[in-house]
Amino acid sequence: VRPGERIALDAVVLTGQTSVDQAPVTGESLPVDKLPGDAVFAGTINQTGSIECRVSAAASQSTLARIIHAVEQAQGSRAPTQGFVDRFAAVYTPAVFVLALAVALAGPWLFGWTALTAVYKALVLLVIACPCALVISTPVTIVSGLAAAARRGILIKGGVHLEQARRLKAIALDKTGTLTVGKPRLVDWQALTTRLSAAQIEHIAAAIAAHSDHPVARAIAAGLVPNHVDAQSFVALSGRGIEAEIDGQRYVLGNHRLIEERGQCSAEIEAALHGHEQAGRTVSVLADAHGAIALFAVADTLKPSSAAAVRALQTLGITPVMLTGDNQATAEAVGHAAGLTDIRGNLLPQDKLEAISALQRQYGPTAMTGDGINDAPALAQADLGIAMGAAGTDIAMETADVVIMNDELERIAQTVQLSRRTHAVLWQNIALALGIKAVFLALAIFDNASMWMAVFADMGASLLVVFNGLRLLRGPREAHASSS
């Protein structure tokens, strides 16, 4: 498998060293170093070195195949939802027809009406009781809610999912690309010696990092000042770092293992590395022949809106939980910064699916939010699957019930609020439709309603529910421009 190629099947590395982007399968935000004997997964991307692997599972049994199978099973377990209005109308319509028939036939006998009067009253009754407003109330309200969501950059795949959002009691959040930006950034660096000035250290590190395609090196180069130093004799140290010559001096920029191999590690460096690693950061150390010079901490940073989005969900009475394939230390660092307390790391796709099932048993209706292939089984299992659309994979968006097109996490809370508002307007419309008809039905039976009043009751109620449903379209439309 050459650098840049996608690994086709689950396998074990036989020869070579490389780093592999496992984010599509495990959700880890940074590439994982692979040595002989390490396992690699189908669907992941080889980054830096050529490797020779022995296939460990047939295509039908690969990690990717198991993910697809889990999605199919989770989707097949869903039961169809039948609306209240459909069930009510199935009883209401024949009941009204029977009542009108009874008025026409029994009116002359019970009340002494003429046959013409009895038939007229029956017709008035039928016009008044026509279920148009009742039947219209649901689709008008739902379509208005869906349109209002689309204006905010939220694509909801049907009214059933819009209604489901209001019932949520818990929501599982993926880390990489959902709570975080999804790309590593240089978040901190510190000098370990006074032999060089801060400006010199920055220039040297930027010059060396600029020669590497590794995501960590690219993040370091992007986070430092533009350099005017020329690095020569560049050498990639597979799985450990990079080496280059600047002004006749050899420098290395590499991981903890490289510094230990060079015998340049110290208690001070160990303590600094441990602190950064506990915070979920990947650390690279710059060193020369005389010792370590500086260390650079890279991490996938929290989105600016994530903490506010988590608070908004908690305010709505929804319990947020983090489910991620990244390591527990990184997960806790990001989760605590976002305001989460239930943080679960080191989860494979099947583990996420099982975690969703456990949350459903513990809390009730549960949503899952993610963007990767590894999130697809959990998205399918959840009562409401929510995919991040801008950075999401095709499988995640296809599996999800809701797609957030601009990846803004606060849109989830807005979806819940819109669902609750839609539900309230829906029941307002049902009450309006039935209330108006109940009043005019009583007037018709007791000889106080005419045909024009019946027409008014029918058409008036229909117009009222339409106008009331369209109220959902009012609201912030700032997301419409960005999503379009």
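Student: What should I know about numbering and thresholds first?

Tutor: Residues are numbered from 1 along each chain as its sequence is written. This is a predicted model, where local features need pLDDT of at least 70, side-chain atom pairs count only at pLDDT 80 or more, and totals for chains, interfaces and linings use all residues; side-chain values use heavy atoms, with hydrogens and water left out.

Student: How confident is the protein chain, on average?

Tutor: pLDDT is the predictor's confidence in each residue, from 0 to 100. The protein chain averages 82, and 89% of the residues score at least 70. Confidence is highest in strand 8 (residues 170-173), at 95, and lowest in helix 19 (residues 478-483), at a mean of 39.

Student: Where is pLDDT under 50?

Tutor: Residues 476-484 stay under 50, and the model has 12 contacts for them beyond four places in sequence. Contact means heavy atoms within 4.5 Å. Residues 77-82 are also below 50. Where pLDDT is low, the predicted coordinates should not be read in detail.

Student: In what order do the seven strands of the open sheet run?

Tutor: Strands of a sheet pair through backbone hydrogen bonds, either parallel or antiparallel. Helices (H or I, at least four residues) and strands (E, at least two) are DSSP runs, numbered from the N terminus. Two strands pair if DSSP finds at least two bridges between them. Here the order is 7-19-18-17-8-15-16, with mixed pairing. Strand 7 (154-156) and strand 16 (342-344) are the edge strands, each pairing on one side only. The twist averages 20° from one strand to the next.

Student: Which bridge partner does Gly-370 have in strand 18?

Tutor: Ala-387. Strand 17 (residues 366-370) and strand 18 (residues 384-388) pair in the parallel sense over four bridges.

Student: And the sheet of three strands: parallel or antiparallel?

Tutor: Antiparallel, an open sheet in the order 3-2-5. Strand 3 (32-34) and strand 5 (45-46) each have a single partner strand, so one side of each is left without a neighbour in the sheet. Strand 2 (residues 18-21) pairs with strand 3 over three bridges. Thr-18 has Lys-34 of strand 3 as its bridge partner.

Student: At what angle do helix 5 and helix 18 pack?

Tutor: Axes are lines fitted to C-alpha atoms, for helices over the stretch in contact, and angles run from 0 to 180 degrees between N-to-C directions. Helix 5 (residues 132-151) and helix 18 (residues 451-470) pack at about 15°, with axes 8 Å apart. The two are therefore roughly parallel (under 35 degrees; over 145 is roughly antiparallel, 65 to 115 roughly perpendicular, the rest oblique). Their crossing is right-handed (the near helix is turned clockwise from the far one by less than a right angle). Contact residues include Ile-136 and Val-140 of helix 5, and Ala-461 and Val-465 of helix 18. By class, the contact of helix 5 with helix 18 has eight nonpolar, five polar and one charged (nonpolar: Ala, Val, Leu, Ile, Met, Phe, Trp, Tyr, Cys and Pro; charged: Asp, Glu, Lys and Arg; polar: the others, Gly among them).

Student: How does helix 4 cross helix 18?

Tutor: The axes of helix 4 (residues 115-129) and helix 18 come within 8 Å and cross at roughly 15°. That makes helix 4 roughly parallel to helix 18. This crossing is right-handed. Among the contact residues are Leu-123 and Val-127 of helix 4, and Ala-454 and Asp-458 of helix 18. The contact of helix 4 with helix 18 has eight nonpolar, no polar and one charged residues.
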